[in-house]
Amino acid sequence: MRKLLYGVAYYDEYMPCDRLDEDIRLMKKAGINVIRIAESTWSTHEPQNGVFDFRSVDRVLDAMHAADISVIVGTPTYAVPTWMVKEHPEVLAVTPLGPGKYGARQIMDITNPVYLFYAERIIRMLISRVAGHPAVIGFQTDNETKHYNTAGPNVQLQFVKYLREKFGSLDEINRRFGLDYWSNRINSWEDFPSVIGTINGSLGAEFARFQRKLVTNFLAWQVAIVNEYKQPHQFVTQNFDFDWRGHSYGIQPSVDHFEAVKPFDIAGVDIYHPSQSELTGIEVSFGGDMARSLKRSNYLVLETQAQAFPNWTPYPGQLRLLAFSHIASGASMVAYWHWHSIHNSFETYWKGLLSHDLQPNPVYNEAVTIGRDFARLSGALLGLKKTNHVAVMVSNEALTAMEWFKLPDGRTYNDVVRRMYDELYKMNVSCDFIQPNFDNLDEYKLIVVPALYAVTDEALERLNAYTAKGGHVVYSFKSGFADDMVKVRTTSQPGIISEACGVTYNMFVEPKGVGLAGPMFNDETARVGTVESFMELLTPVSEEVEVLATYVHQHWGQYVAATRNRYGKGLATYIGGLFDASSMRRILQEAVKAAGLWGTDQQLAFPLIVKTGESIEGDTVRFFFNYSDDTQTFIYPYKNGTELLSSEEMKQGEEVEIEPWGMRIVKC
């Protein structure tokens, strides 16, 4: 890419009137240089079986090319047309809730051969038509693809075939999954039941792994088709999304992003977040760190909000703050869903850059300033290289296992991930994400491991070896508890990592009125922190193990809450419960210091966020973001440089003031 991409999703088909020329005029004024089209409008492009109409696509491509606006074309496969369901109702996914009903998007069975036949046909018809168009710079396969809980008889049959290939025999499956329990043992392949009703977490987790593999295969299949037509200068991407809590929240349960991304040229992602006084930038950072980690390179933000619902309309300055926050995490593109606010149907209030009157507004006017600065600063900000010394280890297998065995108050794996990631973010500790099968652990000085509940012996042994060679690891509770089949290990917990952590336990409880005290709190006895949701009753294996925190409780006070142990040349920290945010931050802060990573960035803390990258020219670029409604001041501690937005010189030791929801970008 030769410039930062600044874009919107644009559907001429949704417009209440013909205003393409006016939209292009406003886009050009805002500095929009790329749009996404087509992935939502299959029924427009194929109104009846085998009848194709690409006039709206041709019209937009020609107009955008004339305006020097690039286009990413999506394959329109995630929302099926009415005629297909009428002729072939079997294309709808059968889920644990029963047969599918037409209406929403993402309701099809991505393994159904009839659906795949029609999907391949529309992909080939569309991509062969547009691949040679000079406006087209890339393609997006499908949209926010998942398995949509498809679990009908055809999927169950495929699952049985998958199990036979993976495990070989029913005896092995019965043994590994513990199916003798409650007479779940399967003694004949013909008797294999649907997994929809299973009470066995091991079998259920294996089915979830299989469903994620369906997504990986489906996307690879689409990429292979698109690759037959794409030109050498064009890319193929996918906009992966995340666990949803009213906004992007955590690891996506239905997709193994690290596997699914492999056939793509560049990772794409959509990131939605709280706004107004609840805006912290954490979701932007989390999603960006994940997207960048998938291919260990720059990525595209294919969707983020412009307005969207009353509580998402940004305060003045927040749209700019967010756009540059994406760039600071390594994005090469920021694009809004959507250009205009739709006038009817499901997403009427998911407002676009233009409101329902289709006229400029304060959000659009702020976008104009972003587009202007993106164009001016592309040379300095495009392709920023991020080098981090901290990694957060995440796992779809652990996530699924904890869906089966949630914490007592219903909190899940992603709540533990976010509790640890969020506190690192607030300390300005930049992170990558890795999986348990990541081979090059030595690239990092500190690895943070949230609730690695289900994992292979080999992965834990690699972590032990990494620690022994001088690495630092922080484990949360529930790490190492079960193997990759979600079968609880029979050794004293936390099993294999006990050797490095120097701690054991065989009881765990739901905390009720449990506090925290100890050396990490600068007070040996006074209750300072709290334990939420879950706690393990830890016992150090020797006096050499350093106790960082103890429980404050009439009955559980004899047990420790967090420890640190020297193992070989490295250190292993173990956190025995879901600590409150402040207490979690204290433990992680000590781990960062012990790893030798407490530096200049950590002189600042949330709401002042620092992000750093290396430009293509080799310059260091630092972003300073104020995620608050108050003016923030700090003493600039780095070497002299140039503030890119104002072109003013920045001198070491001078006081810097950042207005509410403002920023500074310094190149040095």
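Predicted model: local features only at pLDDT ≥ 70, side-chain atom pairs only at ≥ 80, totals over all residues.
Trainee: Which residues make the nonpolar surface patch of about 380 Å²?

Mentor: One member to begin with is W182, which sits in the loop between α7 (170-177) and α8 (201-227). With a relative accessibility of 59%, W182 passes the 50% limit and therefore counts as exposed. The nonpolar patch, with an area of about 380 Å², is made by Y181, W182 and I199.

Trainee: What separates E22 and R25 along helix α1?

Mentor: These two residues form a salt bridge in which the closest N and O atoms are 2.8 Å apart. In an α-helix with 3.6 residues a turn, residues three or four places apart point the same way. Since E22 and R25 lie 3 residues apart in helix α1 (residues 20-30), what separates them is about one helical turn.

Trainee: How many residues apart are K230 and D265, which the pair links from distant parts of the chain?

Mentor: K230 forms a salt bridge with D265, and the closest N and O atoms are 2.6 Å apart. The pair links distant parts of the chain, for K230 lies in the loop between α8 and β5 (235-237), while D265 lies in the loop between α9 (257-260) and β9 (268-271), and the number of residues by which they are apart is 35.

Trainee: Are D422 and R418 buried or exposed?

Mentor: The two side chains form a salt bridge, with the closest N and O atoms 2.7 Å apart. They belong to helix α14 (residues 413-426), where a spacing of 4 residues means that about one helical turn separates them. As for their accessibility, both D422 and R418 are buried.

Trainee: Which element gives the most to the lining of the largest cavity?

Mentor: The structure holds 6 cavities of 30 Å³ or more, and the largest has a volume of about 60 Å³. Its lining consists of S285, D289, Y421, Y425, N428, V429, S430, C431, I609, V610 and K611, and the elements that give two or more residues to it are α10 (282-295), α14 and β25 (608-614). By class, these lining residues divide into 6 nonpolar, 3 polar and 2 charged. The element that gives the most, with 3 residues, is β25.

Trainee: How many charged residues are in the lining of the second largest cavity?

Mentor: The second largest cavity has a volume of about 50 Å³, and its lining is made up of I251, Q252, V255, D256, H257, F258, M290, V394, S395, N396 and Q435. Divided by class, that lining has 5 nonpolar and 5 polar residues, and the number of charged residues is 1.

Trainee: Which element gives the most to the lining of the largest pocket?

Mentor: The largest pocket has a volume of about 1200 Å³, and of the 38 residues that line this pocket, the closest to its centre are Y78, A104, R105, F346 and E347. By class the lining has 17 nonpolar, 11 polar and 10 charged residues. Two elements that each supply at least two residues are α2 (42-45) and β7 (243-244), and the one that gives the most, with 3 residues, is α2.

Trainee: How many residues of helix α11 are buried?

Mentor: Helix α11 (residues 318-328) is followed by G330, whose phi is positive, near 115°. The buried residues of α11 include Q318, R320 and H326 as well as L319, L321, L322, F324 and I327. The helix is mostly covered, and of its 11 residues the number buried is 11.

Definitions and conventions:
Residues numbered from 1 in each chain as written. Heavy atoms only, no water. Patch = residues over 30% accessible without salt bridge, like charges linked within 9 Å, V, L, I, M, F, W, Y side chains within 5 Å. Areas by Shrake-Rupley, 256 points an atom, 1.4 Å probe, with all protein chains shown as cover. Salt bridge = Lys/Arg side-chain N within 4 Å of Asp/Glu carboxyl O. Buried < 20%, exposed > 50% of the residue type's maximum accessible area, 1.4 Å probe, protein only. 1 Å grid on protein atoms, 1.4 Å probe; cavity = no way out; pocket = protein on both sides within 12 Å on 5 of 7 lines; lining within 4 Å. Points joined across faces, edges and corners; volume = space filled by probe spheres on them. Nonpolar A, V, L, I, M, F, W, Y, C, P; charged D, E, K, R; others polar.
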